[in-house]
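Me: I'd like to learn how to read a protein model piece by piece. Could you walk me through one?

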Amino acid sequence: MRRRNTEDEQMMRKFLQEGDLISAEVQNVYTDGSLSLHTRSLKYGKLSQGVLVKVFPSLIKRCKTHFHNLACGASVILGNNGFIWISPTINTDVEGSGGFTQNLNEPVPRSDREVIVRLRNCILALAQCKMALYDTSIQYAYDESLKYEIDELLKQEAIFDLAFLTQHRLRIQDEQ
Amino acid sequence: MSFIRKIPLKNLFQIPFARGHGTYVNDNEIKASVAGVMEKVNKLISIRPLKNRYVGEIGDVVVGRITDVQQKRWKVNTNSRLDSILFLAAVNLPGGKNLNIGIFSVTKTQSQFTIFITNFSHLNR
């Protein structure tokens, strides 16, 4: 019954290989600064179809929850480390797999893809203007971006305009 | 809610102020060494950098990429100074909820491993 190292590793590789993306929670912080993570909840686990956006960690606002199902039709995971995962809307009632089965075969419809790409461009625009990222700011940015084509959102004027309008709308909301 | 960005500028504060992270003293003046937001607490001036590596707190949600598979743990890249560690014991495996208590072995850890093996067969990778 002796387990050899290679068998252990092959077993582990069947779950998670190099290059896989996961969502996890920080369990412990060691004295040298390194973190130990855990995925001890069904909402964490391997990520399947979606888009990863990398921003500076300081732009992610600390919130009660970092998993958001946005009204525009996509789900977003705002990692505190600056890695943001945008994916098609997750059905919250689908459970049981423990988050480790990957759904790479199911095709994502074009409309969902467009929402995801638009969200990605909005997040990058907000990040470039050093605005804090949280569910409300991303949702407002998405609403303000609808007047542009998705590829136009990569231009500088659109980015500044988007950030300005989002900031304006957030300020109005704060004042209420 | 935008940040005010400060590029390294000369600070005209004099010595009675204490300098914190992200600052240095030159010619009797406190200057910023990193681009960021200035934070002033009583007499302490420090700069919180805009572009820094992720420093983890317990309970944070992170998204990471597996960089390495080692014995009983994975190394995860989370944009911090060191790779984060994901222990095999810290992972919820498929079938974990429906653990068959009838499977038992000499030690607890070994029994967990036997359960892992029986549940691997239906995973398609």
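This is a predicted model: local features need pLDDT of at least 70, side-chain atom pairs count only at pLDDT 80 or more; totals for chains, interfaces and linings use all residues.

Me: Let's zoom in on a pair of helices. At what angle do α3(A) and α4(A) pack?

Reply: For a pair like this, look at the angle, the distance between axes and the handedness. Helix α3 (residues 135-145) and helix α4 (residues 156-175) of chain A pack at about 125°, and their axes are 9 Å apart. Angles from 65 to 115 degrees count as roughly perpendicular and those over 145 as roughly antiparallel, so α3(A) is oblique to α4(A). The crossing of these two helices is right-handed.

Me: Which residues make that contact?

Reply: On the α3(A) side you'll find T136(A), S137(A), Y140(A), A141(A), D143(A), E144(A) and S145(A). From α4(A) come L162(A), L165(A), T166(A), R169(A), L170(A) and Q173(A). Sorted by class, the contact of α3(A) with α4(A) holds five nonpolar, five polar and three charged residues.

Me: Why do some positions in a helix point the same way?

Reply: An α-helix has 3.6 residues a turn, so residues three or four places apart point the same way. Keep that in mind as you look through the list for each helix.

Me: Now the other pair. How do α2(A) and α3(A) pack?

Reply: Their angle is about 110°, with the axes 9 Å apart. Since 65 to 115 degrees is the range for roughly perpendicular, α2(A) gets that label relative to α3(A). Here too, α2(A) passes α3(A) in a right-handed crossing. The α2(A) residues in the contact are V115(A), R118(A), L119(A), C122(A), I123(A) and L126(A). They meet S137(A), I138(A), A141(A), Y142(A) and S145(A) of α3(A). By class, the contact of α2(A) with α3(A) divides into eight nonpolar residues, two polar and one charged.

Me: Is α3(A) mostly covered or mostly open?

Reply: Mostly covered: eight of the 11 residues in α3(A) are buried. These are S137(A), I138(A), Q139(A), Y140(A), A141(A), Y142(A), E144(A) and S145(A). The cover over the buried residues of α3(A) includes β5 (67-70), β6 (74-78), α2 (110-128) and α4 of chain A.

Me: Let's pick one of those. Is S145(A) buried or exposed?

Reply: To decide, you check the relative accessibility. S145(A) sits in helix α3 of chain A, and its value is 0%, so it counts as buried. Its side chain reaches the backbone oxygen of Y142(A) at 2.8 Å. Leaving out neighbours within four places in sequence, S145(A) is in contact with R118(A), C122(A), L153(A) and L162(A).

Me: What about backbone angles? What is phi of K130(A)?

Reply: Look for positive phi in a residue that isn't glycine. Phi of K130(A) is near 60°, and K130(A) is such a residue. K130(A) lies in the loop between α2 and α3 of chain A, and at 13% relative accessibility it counts as buried. Chain B has a case as well: K72(B) isn't a glycine, yet its phi is about 70°. K72(B) is in the loop between β6 (61-70) and β7 (73-77) of chain B; its relative accessibility is 41%, so it counts as partly exposed.

Me: Last one: which residues does R40(A) touch?

Reply: Not counting residues up to four places away in sequence, R40(A) touches A89(B), A90(B), V91(B) and N92(B). A polar atom of the R40(A) side chain lies 2.5 Å from the backbone oxygen of A89(B). R40(A) itself is in the loop between β2 (35-39) and β3 (45-46) of chain A, and at 44% relative accessibility it counts as partly exposed.

Methods
Residues are numbered from 1 along each chain as its sequence is written. Chains are lettered from A and ligands numbered from 1 in the order in which they are written. Side-chain values use heavy atoms; hydrogens and water are left out. Axes are lines fitted to C-alpha atoms, for helices over the stretch in contact, and angles run from 0 to 180 degrees between N-to-C directions. Helices (H or I, at least four residues) and strands (E, at least two) are DSSP runs, numbered from the N terminus. Angles under 35 degrees count as roughly parallel, over 145 as roughly antiparallel, 65 to 115 as roughly perpendicular and the rest as oblique. A crossing is left-handed if the near helix is turned anticlockwise from the far one by less than a right angle, and right-handed if clockwise. Contact means heavy atoms within 4.5 Å. Ala, Val, Leu, Ile, Met, Phe, Trp, Tyr, Cys and Pro count as nonpolar, Asp, Glu, Lys and Arg as charged, and the others, Gly among them, as polar. Buried means under 20% relative accessible area, exposed over 50%, partly exposed in between (1.4 Å probe, protein chains only). A polar contact is a pair of N or O atoms within 3.5 Å; within protein, one must be able to donate a hydrogen and the other to accept it, and residues adjacent in sequence count only if both atoms are side-chain atoms.
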